[in-house]
Amino acid sequence: RDPAEGFLSAALEGFAEYGCEVNTGKTSLNFDYGNGVSAEPTRRATRSASAALADTPPIEPMIPRRETVIGHGAHARRCIAWCGLLIDSHNLEVLVDYTRYA
């Protein structure tokens with residue numbers, strides 16, 4: 001989990017030289033992240049842009065866990081939905097999300 005949190009923290013800081021930032025409203029995680037200050041996912045400005053506007057460090061957004069559980073009991077899987085697919089967060093197996101077609 002530490003490498004994933006490290007990557008997420010770096011990505012949330014943004015890449016100002018490329019004009020790139022993460023839209024947390026479209027971010028899916030299989031673990032909870034954030035300090036709980038904000039219950040709603042928000043789009044966060046890059047650290048350099050935020051620092052230019054105020055002397056306070058930017059608030060880390062609360063990014064909720066977004067998993068879909070398929071199956072029951074011992075055969076249940078926790079998956080992250082992505083572009084019509086389900087990615088099993090335990091073994092990274094990729095499945096088709098047929099519920100989108102129902």
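Helix H1 (2–13) contributes four residues to the lining of the largest pocket, the most of any element. Helices (H or I, at least four residues) and strands (E, at least two) are DSSP runs numbered from the N terminus. Strands E2 and E3 (85–88) also give two or more residues each to this lining. The model is predicted: local features need pLDDT of at least 70, side-chain atom pairs count only at pLDDT 80 or more, and totals for chains, interfaces and linings use all residues. Residues are numbered from 1 along each chain as its sequence is written, and side-chain values use heavy atoms, with hydrogens and water left out.

The lining comprises 18 residues, and Phe7, Thr27, Ser28, Leu29 and Ile80 lie nearest the pocket centre. A pocket is an open set of points on a 1 Å grid over the protein atoms alone, where a 1.4 Å probe fits, with protein on both sides within 12 Å along at least five of seven lines; lining residues have an atom within 4 Å of a point.

Cys79 belongs to strand E2 (residues 77–82). Cys79 is buried, at 0% relative accessible area (buried is under 20%, exposed over 50%, partly exposed in between, with a 1.4 Å probe and protein chains only). The C-alpha atoms of Cys79 and Asn30 are 8.0 Å apart, although 49 residues separate the two in sequence.

Two residues other than glycine have positive phi values.
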